[in-house]
Amino acid sequence: MAAKTTKPSPIPSVWARPRPEPDQPTLNRATIVREAIVMLDAQGVEALSMRKLATRLNAGAASLYRHVATKDELMELAVDEVAAEIHVPPADGSDWRAAVSESAHSFRTTALRHPWLSSQLGQAGLAYLGPNLMTYSERLAALFTTAGFPDPNGAIDAVLSYVIGMSTTEAAWLTTVARSGETEAGFIARLMPAAQQAAAGHEHLAQGYAGTQQTATTDPAALRDAKFAAALDIVLDGLALRLAR
């Protein structure tokens with residue numbers, strides 16, 4: 001008796017199935033993704049639903065599901081769409097460190113413009129199969145390969161682990177500030193006494209709050225920029241030592 005064959009289940013990713021044809025002149029995948037990104041930027045992942053998106057597009061749910069089967073697929077598409085905004089300089093071999101730093105700052109800028117991006121990179125299914133994210137990865141690999149790194153993937157992981165981690169934390173902070181209805185400087189000024197009280201008895205934390213209080217309340221964006229750049233330099237210092245070996 002012949003063994004029964006089991007048909008494999010479909011791969012749960014928008015990149016693993018054929019792209020449908022538009023069923024309305026104004027409704028296509030690009031239109032759906034653009035509107036989803038507007039909702040994500042304004043309200044966050046929790047507020048996005050296929051039903052709400054269909055209503056905003058004046059489309060029936062059935063029409064929407066022809067192009068995007070699930071919210072997970074929609075997030076894959078949205079992540080890849082905004083990844084196109086991240087700039088990676090060409091790998092011309094002139095100054096790998098400056099080029100990697102520029103790409104890291106561009107990632108952070110994009111992640112703060114779209115506060116949901118960093119947290120979704122590890123959750124949005126097989127988002128890394130998207131064309132823009134694949135191009136981004138290829139360009140980073142070219143930078144490190146041209147610089148002479150024997151393991152460009154390890155160098156990429158080191159940089160992205162730092163950049164994604166910092167961007168996720170910073171985006172969450174800015175979301176909290178936005179929900180307060182205050183300016184960042186005003187929110188910090190109101191928060192600082194409670195933070196200093198909580199740090200009492202922890203010498204290094206107390207010194208840190210005292211040293212940054214004036215900058216944090218006068219130009220918090222500049223302080224965040226400086227902190228990101230300083231820690232990024234530490235990561236790049238480590239990579240430069242690895243390269244020198």
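Me: Let's start with Arg97: what is its relative accessible area, and which class does that give?
Reply: This is a predicted model, so the value is computed from predicted coordinates. Buried needs under 20% and exposed needs over 50%. Arg97 has a relative accessible area of 25%, so the class is partly exposed.

Me: Which residue does the side chain of Arg97 meet in a salt bridge?
Reply: The N to O distance in this pair is 2.7 Å, and the cut-off for a salt bridge is 4 Å. The pair links distant parts of the chain, with Arg97 in helix α5 and its partner in helix α11, 140 residues apart.

Me: Which residue forms a salt bridge with Arg108?
Reply: The closest N and O atoms of the pair are 2.9 Å apart. The name you want is Asp225.

Me: Which helices do Glu170 and Arg224 lie in?
Reply: Their side chains meet in a salt bridge, 2.5 Å from N to O. Both ends are buried, with Glu170 at 7% relative accessible area and Arg224 at 17%. The pair ties together parts that are 54 residues apart in sequence, so two helices are involved: α8 for Glu170 and α11 for Arg224.

Me: Which residues are linked with Arg108 in a network of salt bridges?
Reply: Two of the links have come up already: Arg108 with Asp225, and Glu170 with Arg224. A search of the whole structure finds nine salt bridges. The residues networked with Arg108 are Glu170, Glu184, Arg224 and Asp225.

Me: How far apart are the end C-alpha atoms of helix α5?
Reply: Helix α5 runs over residues 96–113, which is 18 residues. At 1.5 Å a residue the helix should span 26 Å, and the model agrees with that. The end C-alpha atoms are 26 Å apart.

Me: Which helices do the buried residues of α5 pack against?
Reply: The buried residues of α5 include Trp96, Ala99, Val100, Phe107 and Arg108. Contact here means heavy atoms within 4.5 Å. On that basis, the buried residues of α5 pack against α4, α6, α7, α8 and α11.

Me: Over in α4, which residue has its backbone nitrogen 3.0 Å from a polar atom of the side chain of Glu73?
Reply: Glu73 lies in helix α4. At 8% relative accessibility, Glu73 counts as buried. The backbone nitrogen in question belongs to Ala69.

Notes. Residues are numbered from 1 along each chain as its sequence is written. This is a predicted model: local features need pLDDT of at least 70, side-chain atom pairs count only at pLDDT 80 or more; totals for chains, interfaces and linings use all residues. Side-chain values use heavy atoms; hydrogens and water are left out. Helices (H or I, at least four residues) and strands (E, at least two) are DSSP runs, numbered from the N terminus. The expected span of a helix is 1.5 Å times one less than its number of residues. Buried means under 20% relative accessible area, exposed over 50%, partly exposed in between (1.4 Å probe, protein chains only). A polar contact is a pair of N or O atoms within 3.5 Å; within protein, one must be able to donate a hydrogen and the other to accept it, and residues adjacent in sequence count only if both atoms are side-chain atoms.
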